[in-house]
Structures are given as structure tokens and as C-alpha cells.
Amino acid sequence: MLLMMMMMKMKMKKHHLLSLSLLLMLLSYTTTVSAQTPAPSPSSSPTDIIRILKKAGGFTTLIRLLTTTQVSTQINAQLLNSNNGLTLFAPNDNSFQSLKPGFLNSLNDQQKNELIQFHVLPTFVSISNFDTLSNPVRTQAGDDPDRLALNITSSGNQVNLTTGVVNTTVGGSVYSDHQLAIYQVDKVLLPRDFFVPKPPPPAPAPAKAKASSAKTSTDGPASADTHSSAAITLKLKIWFSLAVTAAAVFSLSP
């Protein structure tokens, strides 16, 4: 009896040890899986070009123009919905102060929009890839080679820009995240469109002659012919009457 009790205790002890071993193994596996599973990263906020320029500092006038023309909203939407990225040439406040006094105020809303769009390339361009662009480079203002041409050349890390009105260089990188690149420039990029006279509007097509005038000019010669024929007929009648009268007179003569 005592032997049986001892055997039962040993079995229970083995059972407890087995259960404890299984529990330790389960805890070890759970810890390993937890350590290997990366914690979810917080979702990145959408790119905000105004926030970036404010953080960089020195772009107060550019920020005001981006806001009033609503180009900043357009840029943020493009970055959110397109994979091509964007490149912005950002004139600093000193660049705008170097403009002719009253120049910005002389521009209408459409021209201000064109001015800002002229500083934006519709693709992301890294500082080392400017030499891959073909001139004239297309901007978001349009691709008119005569009025909106922007030519870019590079040599090493020096990037030169010319518009036909302004020549300047890239002063450095303000921001880059492989989707948006912002480069500081020391002059406002002025397109030739602001200084080249606009071509005159096409002359209006000549008005068609009025129907009445056309009818008069068409019917004129016909009316003259009709009058001429009537006069001849009248003369013939007169001569015929004279001939008849003369014949009658001669017939009555003794």
C-alpha cells in the first residue's frame, strides 16, 4: 500500500513537471514572436510645402504668393496623388526685394500664378540629375519655347538657370524626400512672357456683301440691256409708221 502511494506521488510529480515544462516553452515562444514582430509605425503626415518653407525660414514672400495663388494647395495635392514628384526653385526674401519696386503689385492674378508655376518642375529632380534634362525645360507654367523657356545647365554640383531675362544659380538644397525637392535660388525667375509684346489678335474676316448690294450689282447690266432693247423696238415702230404713211401718200398721188 505504501509502495502504491509512493508511485502515485511520483506520477503526479512527473505530471506537474511536464505541465511546467510545457508552460515555459509556450512563454518562450510567445516572447520570441513578440520580439520578431515589428511595432506598427505611425502613419506619416502628408507633405505640406508651406510648413516646410516656414521651417526653413527666409521665404515669407514666396509663402504669401504660394498661398494667395493657391499653388501651394495644388502642389500638396499633386504630391499626394502623383508618383512623379515635384521640384521647386525657391527665391528667398532678398530675391524678391531685388525686383523693381512695385513689380509684384503690377502683376494681375493670372500673372502671379504664372510666375509661381514657372518656378515648379512637374518631376522630382535630384541635384545630381539636372544634367539629364533637355532644354528648354518644361515648367508648370507651360512649355512655350519663346515666352516660357527655362534652360538649365550643370557642372558638378553647380546648377545654372536662365530664362532669357534672368541668370542665376542654385544656392543649395532646402528640402528633399525623393518626392519633393526644393532648391534655393538667389533671383526670382522672370519669364520672357512678361516682357515680350503679345502678338496682335488676328484681323477679323471681311464681312460678306449684303444681299441687296449683290442683287443690284448683278441685276444692273441686265436692266441696261432691257432698256436698250426697248429703245430699238420703239425706233423700229416709228420708222415702220413713217414708211406706211409715205407709201399711202405716194399711192394717192395722181
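This note comments on selected features of a predicted model.

1. Confidence. The mean pLDDT of the protein is 78, and 61% of its residues reach 70 or more. Two stretches call for caution. Over residues 29-43, pLDDT stays under 50, and the model shows zero contacts there beyond four places in sequence. Where pLDDT is low, the predicted coordinates should not be read in detail.

2. The helix pair α2 and α3. Two packed helices are described by the angle between their axes and the distance between the axes. For helix α2 (residues 49-56) and helix α3 (residues 60-68), the axes come within 10 Å and cross at roughly 170 degrees. An angle over 145 degrees counts as roughly antiparallel, and α2 and α3 are therefore roughly antiparallel to each other. On the α2 side the contact involves Ile50, Leu53 and Lys54, which meet Leu62, Ile63, Leu66 and Thr67 of α3. By class, five residues of this contact are nonpolar, one is polar and one is charged.

3. Which residues of α3 are buried? They are Thr61, Leu62, Ile63, Leu65 and Leu66. Among the elements that cover these buried residues are α2, α4 (71-81), β1 (86-91) and α5 (93-97), as well as α6 (103-106) and α7 (109-117).

4. Backbone exceptions. Most residues other than glycine have a negative phi, and most peptide bonds are trans. Gln70 is not a glycine, yet it has a positive phi of about 65 degrees. The peptide bond from Asn135 to Pro136 is cis, with omega near -5 degrees. Pro136 belongs to the loop between β2 (120-121) and β3 (151-155).

5. Asp186 lies in the loop between β6 and α8 (211-252). Is Asp186 buried or partly exposed? At 42% relative accessibility, Asp186 counts as partly exposed. Leaving aside residues up to four places away in sequence, Asp186 touches Asn92, Ser95, Thr168 and Thr169. Asp186 and Asn92 are 94 residues apart in sequence, while their C-alpha atoms are 6.6 Å apart in space.

6. Aromatic pairs. The model contains five aromatic pairs. One of them joins Phe103 and Phe194 in a tilted arrangement, 6.4 Å centre to centre with 50 degrees between the planes. This pair links distant parts of the chain: Phe103 is in helix α6 and Phe194 in the loop between β6 and α8, 91 residues apart. Phe103 and Phe194 are both buried. Phe130 and Tyr183 form an edge-to-face pair, 5.4 Å centre to centre with 65 degrees between the planes. Here too distant parts of the chain are linked, with Phe130 in the loop between β2 and β3 and Tyr183 in strand β6, 53 residues apart. Why does Phe130 count as buried? Buried means under 20% relative accessible area, and Phe130 has a relative accessibility of 1%. Tyr183 counts as buried at 2%. Ring pairs also link Phe89 with Phe130 and Tyr183 into a cluster.

Conventions. Residues are numbered from 1 along each chain as its sequence is written. This is a predicted model: local features need pLDDT of at least 70, side-chain atom pairs count only at pLDDT 80 or more; totals for chains, interfaces and linings use all residues. Side-chain values use heavy atoms; hydrogens and water are left out. Axes are lines fitted to C-alpha atoms, for helices over the stretch in contact, and angles run from 0 to 180 degrees between N-to-C directions. Helices (H or I, at least four residues) and strands (E, at least two) are DSSP runs, numbered from the N terminus. Angles under 35 degrees count as roughly parallel, over 145 as roughly antiparallel, 65 to 115 as roughly perpendicular and the rest as oblique. Contact means heavy atoms within 4.5 Å. Ala, Val, Leu, Ile, Met, Phe, Trp, Tyr, Cys and Pro count as nonpolar, Asp, Glu, Lys and Arg as charged, and the others, Gly among them, as polar. pLDDT is the predictor's confidence in each residue, from 0 to 100. Buried means under 20% relative accessible area, exposed over 50%, partly exposed in between (1.4 Å probe, protein chains only). Rings of Phe, Tyr and Trp (its six-membered ring) pair if their centres lie within 6.5 Å; planes under 30 degrees apart count as stacked, over 60 as edge-to-face and the rest as tilted.
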